[in-house]
Amino acid sequence: MGEGQKMSTSHLLKRADFIFKSDNDWEDVLKKNLNRTANELINELISSELKGRGGAGFPTGLKWKISSEIKADEKFVICNADEGEPGTFKDREILSRVPFKVLTAIAVCAYVIGAKKGFIYLRGEYFFLKDNLQSAIDEFERYCRKIGFDFSISIFMGSGAYICGEETALFESMEGKRGEPRNKPPFPSSSGYMNKPTVINNVETLAHTYTIFKYGSKRFYDLGVQFSRGTKLFSVSGDTPKPGIYELELGMSLVDFVEEFGDDDTKAVQVGGASGFLVPRKRFPETTIGFQGRLVGISLPTGGSMMLFNSSRSMYNVLDNYLNFFAEESCGQCTPCRVGCQQLLKGIKAVKRGEKNAAYLDKLLKLAETMTYTAKCGLGQSVANSFSSIVENFREEMIY
Amino acid sequence: MNAIEESRVNTTVIDEIISRHKGKPGELLTVMEEIQEASEYKFLDDDAMEYLSSSIKVPLSQIYGVATFYSFFNLKPQGKNSIIVCRGTACHTKGSKILLDDLSLLPGCKEAFDSGESSFTTEDKLITVKTVACFGQCALAPVVAVNGVIYSNVTSEQIKKLLQNLKEDNKDENLRLS
């Protein structure tokens with residue numbers, strides 16, 4: 001940590017080591033928790049206040065509770081490993097280093113809601129993980145049979161579509177269709193894969209439930225801050241001397257983060273990948289990383305992507321890169337997103353080339369805002385996050 | 001084109017793939033992936049899709065819709081070697097555009113990408129150049145995958161050497177980026 005008088009720090013960065021801690025006791029954790037009642041396990045999760053780590057932050061305990069209370073002939077647990085947000089690579093690391101923690105968590109979830117079948121939806125680009133993961137599953141299933149727990153897990157390979165990380169698009173894809181998001185409600189907890197009650201959790205969320213089931217909810221709850229309990233994995237990349245994955249307590253201030261990971265020339269940090277927010281240097285002090293609900297300052301949620309940019313970077317190029325990404329990955333189902341992404345991209349190019357005047361940027365900001373309200377799913381709704389935060393904070397870079 | 005036409009996937013192979021996955025939910029994607037893998041030039045030709053459609057009684061429009069939706073499916077013949085450049089933001093920041101520009105020196109490549117294509121195959125079907133939105137290896141940016149192996153911190157020199165090696169002869173050991 002730097003000792004200089006850069007900016008005042010509220011509290012220092014707190015590192016943690018739960019997820020990647022290599023403890024080979026998954027068999028005990030599984031057996032111990034399968035002996036508890038479903039209600040006990042749900043209450044354990046609820047009191048930990050764990051929220052989904054994919055980025056949306058839905059309370060995990062509540063998700064399991066809803067599915068457990070619905071009566072159906074068949075239910076499913078799906079581990080969402082369609083990690084596609086640019087700048088995020090924590091799920092890949094979890095699945096390759098501690099797969100048994102995730103498998104155990106999937107099995108406990110299945111026990112809680114009464115499912116016999118689990119899936120891991122693995123991103124197509126992560127084909128290189130498949131063989132090792134499959135052998136882990138084989139070993140895990142052998143153990144389940146040994147202890148008389150009737151449960152199986154299959155890997156479903158994605159075929160290269162960012163939108164399939166959206167849970168209902170993921171179901172469509174697993175059902176052999178184009179990965180186009182469904183209307184919500186109904187929510188997956190009551191009608192998901194094959195229209196059956198489905199709990200779908202991000203890889204990291206499941207890994208945290210393992211921590212909670214192993215150590216108890218209090219240990220988890222005591223970390224982090226109000227509304228943002230526990231730890232989170234952060235994928236740090238961009239202009240940093242130490243890119244990589246770090247497990248940190250939630251609620252840290254961006255000042256502390258940049259002091260630890262920046263290169264002393266950090267101009268902005270993109271929190272949450274292409275669908276997240278760009279925070280310029282002047283906003284570092286008032287920004288913390290965690291779920292919304294703080295009374296003072298800005299609290300930014302993130303799926304874990306933290307990308308640092310130094311002063312040599314053109315924010316126009318960054319935005320151009322994001323918009324190309326969105327224009328490519330928009331599924332094309334709803335007009336606001338399909339047309340909006342392309343128009344935003346065309347628009348900033350026109351301003352840059354001088355074909356449109358600077359005031360045109362305001363029109364584009366309005367378009368982005370419209371997309372937030374009218375797009376069908378999270379992809380289209382979140383384009384405005386990065387677009388508006390970059391254009392508003394680095395307007396001059398968009399023009400000159 | 002003749003060699004490619006002759007290389008089309010045999011209907012008995014398609015029948016075999018279909019029967020292996022029959023009845024499983026979501027079989028369509030898996031079946032299509034395997035048919036593509038079974039083809040010599042790793043793509044779904046029109047005949048194969050039409051045959052699949054009539055065999056499993058799924059409208060051709062749905063099959064085509066799936067094939068065009070996912071980036072994994074190819075509707076054009078692919079080259080013997082694939083080079084995939086990650087265009088994620090971290091890779092972009094660390095210079096992946098320069099790597100793509102190096103590859104664009106292949107005759108016809110620049111024009112293909114400029115016209116909005118997301119993949120380019122050389123006329124001799126030796127090399128296919130593609131981009132991917134993000135490989136999830138951002139800490140190792142920029143990353144490039146050559147024939148399914150992912151390489152990190154790739155430099156412009158490495159790409160130039162790779163192209164040189166590919167041009168001169170085509171032994172697998174020359175495809176490593178080192």
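Which residue is the bridge partner of Ser235(A) in β8(A)? The legends below describe a predicted model, and the first view gives the answer.

View 1. Ile245(A) in β8(A) is the bridge partner of Ser235(A). The two strands, β7(A) and β8(A), pair in the antiparallel sense. Their pairing runs over 6 bridges. Between β7(A) and β8(A) lie 5 residues, and the strands form a hairpin.

**View 2. An open sheet of 5 strands in chain A.** The strand order is β8-β7-β13-β9-β10. Pairing in this sheet is mixed. In general, strands of a sheet pair through backbone hydrogen bonds, either parallel or antiparallel. Which strands stand at the edges? They are β8 (244-249) and β10 (277-280) of chain A. Each has a single partner strand, so one side of each is left without a neighbour in the sheet. From one strand to the next, the twist averages 30°.

View 3. Strand β9 covers residues 266-271 of chain A, and strand β13 covers residues 305-310. The two run antiparallel and are joined by 5 bridges. Within this pair, Val269(A) stands opposite Leu308(A) of β13(A). Helix α10 (residues 254-261) of chain A packs on the sheet.

**View 4. Helix α3(A) against helix α5(A).** Two packed helices are described by the angle between their axes and the distance between the axes. Here the helices are α3 (residues 60-69) and α5 (residues 99-113) of chain A. Their packing angle is about 45°, and their axes are 8 Å apart. That angle makes α3(A) oblique to α5(A). On the α3(A) side, the contact is made by Trp64(A), Ser67(A) and Ser68(A). On the α5(A) side, Cys109(A), Val112(A) and Ile113(A) make the contact. What is the division of the contact residues into nonpolar, polar and charged? There are 4 nonpolar residues, 2 polar and no charged.

**View 5. Where chain A touches chain B.** In this interface, 38 residues of chain A are in contact with 28 residues of chain B. On the chain A side, α7 (167-174), β7 (231-238) and α11 (315-329) each supply at least two residues. Which element gives the most to that side? The answer is α11(A), with 6 residues. The chain A side divides into 14 nonpolar, 14 polar and 10 charged residues.

**View 6. Chain B and its domains.** Chain B has 9 helices and 5 strands. Along the sequence, the pattern reads α-α-α-α-α-β-α-α-α-β-β-β-β-α. The domain assignment gives domain 1 (2-69) and domain 2 (81-169) of chain B. Over C-alpha atoms, the centres of these domains are separated by 28 Å. The C-alpha trace of chain B spans about 50 × 35 × 30 Å along its principal axes. Of its 178 residues, 37% count as buried. Take the contacts in chain B between residues at least 6 apart in sequence: 60% of them join residues at least 24 apart.

Definitions and conventions: Residues numbered from 1 in each chain as written. Chains lettered and ligands numbered in written order. Predicted model: local features only at pLDDT ≥ 70, side-chain atom pairs only at ≥ 80, totals over all residues. Domains from an automatic or database assignment. Contact = placed C-beta atoms within 7 Å. Helix = DSSP H or I, 4+ residues; strand = E, 2+ residues; numbered from the N terminus. Nonpolar A, V, L, I, M, F, W, Y, C, P; charged D, E, K, R; others polar. Axes fitted to C-alpha atoms, helices over the stretch in contact; angles between N-to-C directions. Parallel < 35°, antiparallel > 145°, perpendicular 65-115°, else oblique. Buried ≥ 20, exposed ≤ 12 C-beta atoms within 10 Å, placed from the backbone. Pairing = 2+ DSSP bridges.
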